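Subject: Structure handover

Hi there,

Here is the structure I promised to pass on to you. Have a look through it first, and then read on for what I found.

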Amino acid sequence: QNQKTKEQIESLLQDGKHQELRERLCCRLTFGTAGLRSAMGAGFCYINDLTVIQSTQGIYKYLERNFSDFKQRGFVVGYDTRGQVTSNCSSKKLAKLTAAVLLAKDVLVYFFSTYVPTPFVPYAVQQLGAVAGVMITASHNRKEDNGYKVYWENGAQITSPHDKEIIKCIEECVEPWNGSWNENLVDTSPLRQDPLKKICDSYMEDLTKICYHRELNVQTSLKFVHTSFHGVGHDYVQLAFKAFGFQPPIPVPEQKDPDPDFSTVKCPNPEEGESVLELSLRLAEKEDARVVVATDPDADRLAVAEQQENGCWKVFTGNELAALFGWWMFSCWKENCSPDADVRNVYMLATTVSSKILRAIALKEGFHFEETLPGFKWIGSRVKDLLDNGKQVLFAFEESIGFMCGTSVLDKDGVSAAVVIAEMATYLQGQNLTLAQKLVDIYETYGYHISKTSYFLCYDPATIKRIFERLRNFDGPQCYPKCCGVYNILHVRDITTGYDSSQLNHRAVLPVSRSSQMITFTFQNGCVATLRTSGTEPKIKYYAEMCALPGHSDRGVLEEELQKLIEALIENFLEPAKNGLTWRSA
């Protein structure tokens, strides 16, 4: 019933573009590391009115089978500020259609009356006792994309087998039901409730559980600049700073309000560093603010920059921020825990492609560190298990600037991370230290962890498959490489096939994930490098880290060694020229 997407298909048909029609109509969206995500437009593998209705009908069917009290407990629906005129598609409209499917089936729906940060949806699912929730967002993806992120009753993103079962249910009911197209139901149905005020107030109150130095925050002379990258973050970060006793951060005026075109940045991903933080850094210099915090468009991730003594800006990587957060959350726990608290009950988590710095801190301080597969859906589920077993989880992260401070939200949260880093910077200022100086101190104490992450763009799935199959049959059939250039390989772990040469039975401990490619190489020199495909974008990512023991640290030597190894990895394993790969900076 969407005229714009209907016209797109009709015009492809008239122009005889059968190959493109095939691509759009002959495959269905599947769940990646962040739910369903694709370009907005016509076709079953795109995000549009129809595919969102179909997905919600499938979810309704699956939840009805699993929960006898589904209709009474209800379902949460949130959305960001994305939109596309050419396909008459916006996050709010897609959220209304999601709600319509459920309201037409007499399900109680908690539908936010305005855009919210992604973390508000999993938070609301738990707070309201709902059976599940959906957030319409494509996070930091390009402006053409949108997505459909599903959370289970435990407040974590869905993992297997739920995702596969939901896909089956979607395929069982592709014809829209009566009422599914009625987006006005959210305005007329008595079963629709607006949870905005209750959830926002409760979230801000819960946030104060991880505020440890309110008296310093109230008095600080330190100024902060915040950019919300044309997304949802502005109002909520302002409120979070207020909850911690801070003066409000200075917003970047050109980026404060929602803009689905992300008109001041070439891509809406704060992870890209200084090039996309230009406006906020210039404003900070003008305002004499030393720290910049940047939330991505749906406010679930956080980038941080700090002005150094020489006037230059340091943009921290996700792994560096994790070292700071890990140190901070553990120090605050240690200072505030009861005398009989057992450090062996304390946990921190990270995804397997993230820095091992938390492992080093855990070994020295006596708490537990665990790894999960890439994607916060795995972290959220594991954290819930640990909490249910009486454990205390202080912090979890993924290197792509996703942080979970505390356990009010079982997903990454840029709003809470922004205000925690502000409190940390305030505390450190009182010690005459900057964030960058403290980071060096952490590495000196626990051992240097030097990491480098980047990616190549590849739009051809067959090429990606060929690259990874070559690695699996490098020195003959089913024979992984024994070296990469001059660097000897000690162990290989392949999460796609479940192989791990470091285990006695050669079986990987982490769950097998056949839907994506991921191989990790442990080198003789102590470097760990992973090649994997992105779960949300057409990328082959590489992650490499050198880990040194405390006191064995010549940073320059480690960095040089890491750089040479990465060059060998790219040249020997990815072969960008031969495979037509585009490097990220090109």
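A residue is called buried here when its relative accessible area is under 20%. Please keep in mind that this is a predicted model.

Let me start with Cys169, which sits in helix 7. Its relative accessible area is 0%, so Cys169 is buried. Not counting residues up to four places away in sequence, Cys169 touches Gly58, Lys61, Tyr62 and Arg65. Ser55 is 114 residues from Cys169 along the chain, yet the C-alpha atoms of the two are separated by 8.6 Å.

Ala436 belongs to helix 17, which covers residues 435–446. With a relative accessible area of 11%, Ala436 is also buried. Once neighbours within four places in sequence are set aside, the contacts of Ala436 are Glu306, Gln308, Lys314 and Phe316. As for Trp333, 103 residues away along the chain, its C-alpha atom is separated from that of Ala436 by 22 Å.

Ala243 is in helix 11 (residues 233–243). This alanine counts as buried because its relative accessibility is 15%, under the 20% cut-off. Leaving out neighbours within four places in sequence, Ala243 is in contact with Met204, Thr208 and Arg214. Between Ala243 and Arg301 there are 58 residues of sequence separation, and 19 Å in space from C-alpha to C-alpha.

**Helix packing**

Two packed helices are described by the angle between their axes and the distance between the axes. For helix 1 (residues 3–14) and helix 2 (residues 18–25), the angle is about 145 degrees and the axes are 8 Å apart. The crossing of helix 1 and helix 2 is left-handed. On the side of helix 1, the contact is made by Gln8, Ile9, Leu12 and Leu13, while helix 2 brings Glu20, Leu21, Arg24 and Leu25. Sorted by class, this contact of helix 1 with helix 2 holds five nonpolar, one polar and two charged residues.

Then there is helix 14, residues 357–365, where Ile357, Leu358, Ala360, Ile361 and Ala362 are buried. What do these buried residues of helix 14 pack against? Their partners are helix 13 (318–336), strand 14 (346–351), strand 15 (368–372), strand 16 (392–398), helix 17 and strand 18. Helix 17 is also the helix that holds Ala436. Just after helix 14 comes Gly366, with a positive phi of about 95 degrees.

**Backbone points to look at**

Most residues other than glycine have a negative phi, and most peptide bonds are trans. A few places here are worth a look with that in mind.

- Phe262 is not a glycine, but has a positive phi of about 45 degrees. You will find Phe262 in the loop between strand 10 (250–251) and helix 12 (278–287). At 5% relative accessibility, Phe262 is buried.
- Asn432, again not a glycine, has a positive phi of about 60 degrees. Asn432 is in the loop between helix 16 (414–430) and helix 17. Its relative accessibility is 70%, so Asn432 counts as exposed.
- The peptide bond from Ser160 to Pro161 is cis, and its omega is near 5 degrees. Pro161 lies in the loop between strand 7 (145–152) and helix 7 (162–172), and helix 7 is where Cys169 is placed.

**Cavities**

How many cavities of 30 Å³ or more are there? The count comes to three. The largest cavity holds about 100 Å³ of space. Its lining has 15 residues, and those nearest the centre are Val353, Ser354, Val528, Tyr543 and Glu545. Strand 18 (449–457), strand 23 (527–533) and strand 24 (539–547) each give at least two residues to the lining of the largest cavity. By class, the lining of the largest cavity comprises five nonpolar, seven polar and three charged residues.

Technical notes
Residues are numbered from 1 along each chain as its sequence is written. This is a predicted model: local features need pLDDT of at least 70, side-chain atom pairs count only at pLDDT 80 or more; totals for chains, interfaces and linings use all residues. Side-chain values use heavy atoms; hydrogens and water are left out. On a 1 Å grid over the protein atoms alone, a cavity is a set of points where a 1.4 Å probe fits but cannot get out, and a pocket is an open set with protein on both sides within 12 Å along at least five of seven lines; lining residues have an atom within 4 Å of a point. Grid points are joined across faces, edges and corners, and a volume is the space filled by probe spheres set on the points. Helices (H or I, at least four residues) and strands (E, at least two) are DSSP runs, numbered from the N terminus. Ala, Val, Leu, Ile, Met, Phe, Trp, Tyr, Cys and Pro count as nonpolar, Asp, Glu, Lys and Arg as charged, and the others, Gly among them, as polar. Buried means under 20% relative accessible area, exposed over 50%, partly exposed in between (1.4 Å probe, protein chains only). Contact means heavy atoms within 4.5 Å. Axes are lines fitted to C-alpha atoms, for helices over the stretch in contact, and angles run from 0 to 180 degrees between N-to-C directions. A crossing is left-handed if the near helix is turned anticlockwise from the far one by less than a right angle, and right-handed if clockwise.
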